[in-house]
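Morning, everyone. Please bring the structure up on your screens, and I'll walk through a few places in it.

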Amino acid sequence: MPDSRIDFSDIPESTEAELKRAVRVGRPKIGRTKGSAAQVASPRNTLRPRWDQAEFRHLVRTWKNERRATSSSVMIAMHPAYQRIIGLGLPAVPLILAELRRELDHWFWALKAITGEDPVPPERRGNMKEMAEIWLEWGRQRGYVR
Amino acid sequence: MSGSWLPGDFPNLSAADHEITSAASRLYNCIAWAAGDTQRWWWPDDPRIGYGYWPPGVVREETLNAFIAAYRTLNYHPCSGPDLEKGFEKIALYVDLIGVPTHAARQLPNGYWTSKLGDFEDIEHKTLDCLNGQLYGSPVIYLRRRRSS
């Protein structure tokens, strides 16, 4: 419905003083968008981690120290510390790959969850050494692994 | 020597019940070890996010039927119980309180059992019950195949 057909008769008109105090909402008609919402959504801020390496290492230690004697990859990946590592997002990938290079461990679930990629062909699935090598090569090609 | 696992994982496992027979390894798990595979981590996780090996053609789900079907590909079939039978090797499958498979143990020719404990060590244990508890539940089904000569 166009504005011209809306009945505003029961709404009192704003005074000059009220109009001066009012804040414009919505997108400005000209110029660049400013404000906190736009800054939060910028690519630079999206990639800037809101955590440090100490927090990552703490989560890794917790996950390893609380590891149960389970064969279930699901149970291993559902550990709260592991889930929080996934939540650290793309900036954690170089650290995860460095961990994987340092010590073979169950990082494949997290890498798939964060990156949305799976460089491991189905016939290599389950082979921990080969999967690690494939992911490290994937990281080298993208500059995540030096 | 004590294993790397958390003490609370196996409250019924005493030093007299078992012997550690390998170093800890993340290359394989109990399901693989029972199947004779020391190169892969077997688990029927969702391939969209998981990474476990599962025999091709077998449904990938955490159910007893899926695990039985996985071992069927190696000629294991359900049998009546865990007692040692000449000429056969057996596998015991454990499930937790809600029926989700948790563990597999393989019988040795002497009647004892061998288990890989997650990504920790392999052990030889005298009974199946010593691994019972909240983590593994208890054995509910037994499979057997003819022992190769």
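Start with B:Thr114. This residue counts as buried, because its relative accessibility is 5% and the cut-off for buried is under 20%. Keep in mind that this is a predicted model. Where does B:Thr114 sit? In strand E5 of chain B, residues 113-116. Its side chain has a polar atom 3.4 Å from the backbone oxygen of B:Ile123. Now its surroundings, leaving aside neighbours within four places in sequence. B:Thr114 is in contact with B:Trp33, B:Ala105, B:Arg106 and B:Leu108, and also with B:Ile123, B:Glu124 and B:His125.

Over to chain A. How many helices and strands does chain A have? Nine helices and zero strands. Of its 146 residues, 36% are buried. Take the contacts in chain A with a separation of 6 or more: 55% of them come from residues 24 or more positions apart.

Next, one helix pair. Two packed helices are described by the angle between their axes and the distance between the axes. Here the pair is H8, residues 108-115, and H9, residues 128-141, both of chain A. The angle is about 35°, and the axes are 11 Å apart. The crossing is left-handed. Which residues make the contact? From H8(A), A:Phe108, A:Leu111, A:Lys112 and A:Thr115. From H9(A), A:Met128, A:Met131, A:Ala132, A:Trp135 and A:Trp138. By class, that contact has seven nonpolar residues, one polar and one charged.

Look at the spacing of those residues on each helix. An α-helix has 3.6 residues a turn, so residues three or four places apart point the same way.

Stay on H9(A). The helix has 14 residues, which should span 20 Å at 1.5 Å a residue; the end C-alpha atoms are 20 Å apart, so the two agree. Its buried residues are A:Met128, A:Met131, A:Ala132, A:Ile134, A:Trp135, A:Leu136, A:Trp138 and A:Gly139. What covers them? Helix H7 (93-102) and H8 of chain A are included in the cover. Just after H9(A), A:Gly143 takes a positive phi of about 80°.

Now the loop between H8 and H9 of chain A, where we find A:Asp118. Buried, partly exposed or exposed? A:Asp118 is partly exposed, because its relative accessibility is 32%. Its side chain makes a polar contact with the side chain of A:Lys112, at 3.1 Å. The A:Asp118 side chain also reaches the backbone nitrogen of A:Val120, at 3.1 Å. Not counting residues up to four places away, A:Asp118 touches A:Lys112, A:Arg125, A:Trp135 and B:Pro47. Note that A:Lys112 and A:Trp135 are both in the H8(A) and H9(A) contact too. And A:Phe108, ten residues along the chain from A:Asp118, has its C-alpha atom 8.8 Å from that of A:Asp118.

Last stop, A:Lys64, in helix H4 of chain A, residues 53-65. A:Lys64 counts as buried, because its relative accessible area is 18% and buried means under 20%. Its side chain makes a polar contact with the side chain of A:Asp105, at 2.7 Å. Again not counting residues up to four places away, A:Lys64 touches A:Glu99, A:Arg102, A:Glu103, A:Asp105 and B:Arg26.

That's my tour. Over to you.

Notes: Residues numbered from 1 in each chain as written. Chains lettered and ligands numbered in written order. Predicted model: local features only at pLDDT ≥ 70, side-chain atom pairs only at ≥ 80, totals over all residues. Heavy atoms only, no water. Axes fitted to C-alpha atoms, helices over the stretch in contact; angles between N-to-C directions. Helix = DSSP H or I, 4+ residues; strand = E, 2+ residues; numbered from the N terminus. Left-handed = near helix turned anticlockwise from the far one by under 90°. Contact = heavy atoms within 4.5 Å. Nonpolar A, V, L, I, M, F, W, Y, C, P; charged D, E, K, R; others polar. Buried < 20%, exposed > 50% of the residue type's maximum accessible area, 1.4 Å probe, protein only. Polar contact = N/O pair within 3.5 Å; in protein donor to acceptor, adjacent residues only side chain to side chain. Expected span 1.5 Å × (residues − 1).
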